[in-house]
Amino acid sequence: SINNIDDKRFDSNDHFINENMRINNDISKIQKYYNYLIKFFLILIIFFIFMYKVEEFEIDLNNYLDKVYGEEDLLTVIKEKEIEKSFVSRKKIEKIEKEIEDIYNTLEKLQIKKKEILNNNGKITGDNGKLKLACSYALNNGYIYQTLVSMTSLVINAGNNIFYNIYLLISPDFTEENKQILMSVEKNYSDHCKIIFINMRNKFKGLDTNDKIPTTGYYRLDLHNCLPDVDRILYMDGDTAVFQDLSELITLDMKGNYILGFLDNQASPKLKKYDVENAIILCAGVLLMDLDAMRKNNITEKFNKFFEKYLGNIVQHDQTTINVVCQGKISILPPKYGLWNFKYFKDFIKHSNLQLPLITYNKKEMLLAYKNPAIIHYLFGKPFHKEIKSKYYLREWWEYAKKTGYYEDISKYAN
């Protein structure tokens with residue numbers, strides 16, 4: 001009896017062990033299957049991401065000369081195309097090689113075009129032999145540190161062959177102390193910039209303003225009068241930062257437009273109440289302005305008529321004024337000049353389809369701008385504010401702040 005009981009115990013243990021082993025084997029098979037499934041889906045996701053990048057982010061060869069793709073951008077596209085050749089069929093490779101040849105031809109045309117512009121315009125080159133680009137900011141006593149950081153980033157990234165004349169349009173109550181803070185940029189980087197203050201006095205006083213947009217916002221509308229000897233100028237708001245040399249903008253063909261800027265996210269119907277339809281709408285934070293053309297076409301009188309007609313109803317103030325009065329004579333800069341600090345990558349790509357069919361950025365342009373911005377406009381969360389909505393190039397802004405000589409003051413202001 002005892003032996004029978006022991007045999008049953010052994011049988012029971014064997015059954016338990018065998019059952020346990022079977023369960024473990026089943027679990028192991030499921031885990032292997034699950035791992036294979038994960039790998040399959042990962043490969044599938046990578047494949048679709050790659051195909052999306054290859055198929056969707058195509059370049060627009062027809063617009064290279066018009067949109068001022070820099071030589072660096074074009075060389076980046078060539079590198080991407082060379083990599084792409086490793087993952088496609090022979091037929092596709094032939095197409096890519098033809099595209100690469102076209103890009104090299106475009107590079108050559110760019111260089112010829114730039115030489116022609118440089119040889120035909122004596123104002124572009126200064127007495128020191130460097131290329132000249134006029135830049136401007138408008139500010140009151142409340143936007144000192146932001147502008148200081150932007151100016152510092154501008155001159156730090158200046159190439160050896162460029163010199164910036166920086167015109168600061170200031171409010172009548174601007175303090176001498178704040179002037180000295182901003183003059184520190186010229187003292188530290190005199191090889192690359194000269195700073196000129198222009199007191200705007202009571203200009204534009206009485207026009208529509210609010211807490212976010214003071215009277216200083218309108219100052220950019222008078223640059224053509226303030227600087228009668230300057231033909232072209234780059235205007236930037238203080239909440240910007242520069243990450244590249246900007247000499248490409250000196251030779252940009254503006255195609256007869258008064259102003260070029262970054263494409264805004266406002267829809268055309270926003271301007272209907274100003275009797276403007278099917279409009280291109282620019283963001284006024286970064287503007288390349290042909291002051292000579294504006295003077296010749298009496299833009300001051302047109303601005304004044306607009307103010308008289310719509311006083312009390314100018315929603316976006318200087319930006320609305322530019323988009324209404326200059327409509328038909330405005331167009332877009334390449335997106336790397338004035339790119340917003342969007343929160344998510346999808347927002348950069350989405351921005352390429354906002355104002356179809358009037359004008360747009362293609363996806364390739366937005367991708368190039370995202371990877372290698374020249375000027376960022378901090379529209380979605382300011383680096384110097386407590387609430388930061390976007391971290392895109394946030395750290396870089398603070399790196400420039402460290403180089404101003406006023407880092408502690410900037411930190412206190414931000415906090």
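How many aromatic pairs does a search of the whole structure find? I ran that search on this predicted model, and it came back with 26 aromatic pairs.

**Entry: an aromatic pair to start with**

I picked out Tyr143 and Phe384, whose ring centres are 6.1 Å apart with the planes at 85°, so I noted the pair as edge-to-face. Tyr143 lies in the loop between strand 1 (131–139) and helix 5 (144–156), while Phe384 lies in the loop between strand 10 and helix 13, so this pair ties together parts that are 241 residues apart in sequence. I then looked up how open each partner is. Tyr143 has 25% relative accessibility and counts as partly exposed, whereas Phe384, at 3%, counts as buried.

**Entry: a stacked pair**

My next stop was Tyr370 with Tyr392, a stacked pair with 5.4 Å from centre to centre and 10° between the planes. Tyr370 belongs to helix 12 (residues 363–371) and Tyr392 to the loop between strand 10 and helix 13, so the parts they tie together are 22 residues apart in sequence. I have Tyr370 down as partly exposed at 29% relative accessibility, and Tyr392 as buried at 12%. Both rings also turn up in a cluster linked by ring pairs, whose members include Phe243, Trp340, Tyr361, Tyr370, Tyr392 and Tyr393.

**Entry: Tyr378**

Is Tyr378 buried or exposed? I found a relative accessible area of 1%, and since buried means under 20%, Tyr378 is buried. Tyr378 sits in the loop between strand 10 (375–377) and helix 13 (394–402). Leaving out residues up to four places away in sequence, I listed what Tyr378 touches: among them are Asp239, Phe243, Asn341, Tyr392, Tyr393 and Trp397. A polar atom of the Tyr378 side chain lies 2.7 Å from the backbone oxygen of Tyr393. I also checked Asp237, which is 141 residues from Tyr378 along the chain; their C-alpha atoms are separated by 9.6 Å.

**Entry: charges over rings**

I came across Lys179, whose charged end sits over the ring of Phe197, 5.7 Å from the ring centre. The charged end of Lys203 sits over the ring of Phe204, also 5.7 Å from its centre.

**Entry: nonpolar cores**

The largest nonpolar core has 109 residues, and Tyr164, Ile166, Leu246 and Ile259 have the most contacts inside it. I followed up Ile166: beyond its neighbours up to four places away in sequence, it touches residues including Cys135, Tyr137, Met151, Leu154 and Ile195. Another core, of 9 residues, lies apart from the largest one, and Val77, Ile100, Ile103 and Leu110 are among its members.

**Entry: salt bridges**

How many salt bridges did I count? The count comes to 18.

I looked at Glu248 and Lys336, whose side chains meet at 3.5 Å, N to O. Glu248 is in the loop between strand 5 (240–242) and strand 6 (259–263), and Lys336 is in the loop between strand 8 (330–332) and strand 9 (337–340), so the bridge ties together parts that are 88 residues apart in sequence. Glu248 is buried at 13%, and Lys336 is buried at 7%.

Lys309 and Asp275 form another salt bridge, with the closest N and O atoms 3.4 Å apart. Here I found Lys309 exposed at 56% and Asp275 exposed at 60%.

Note on methods
Residues numbered from 1 in each chain as written. Predicted model: local features only at pLDDT ≥ 70, side-chain atom pairs only at ≥ 80, totals over all residues. Heavy atoms only, no water. Helix = DSSP H or I, 4+ residues; strand = E, 2+ residues; numbered from the N terminus. Buried < 20%, exposed > 50% of the residue type's maximum accessible area, 1.4 Å probe, protein only. Contact = heavy atoms within 4.5 Å. Polar contact = N/O pair within 3.5 Å; in protein donor to acceptor, adjacent residues only side chain to side chain. Phe/Tyr/Trp six-rings, centres within 6.5 Å; stacked < 30°, edge-to-face > 60°. Lys NZ or Arg CZ within 6 Å of the ring centre and 35° of its normal. Core = buried A, V, L, I, M, F, W, Y, C linked by side-chain atoms within 4.5 Å. Salt bridge = Lys/Arg side-chain N within 4 Å of Asp/Glu carboxyl O.
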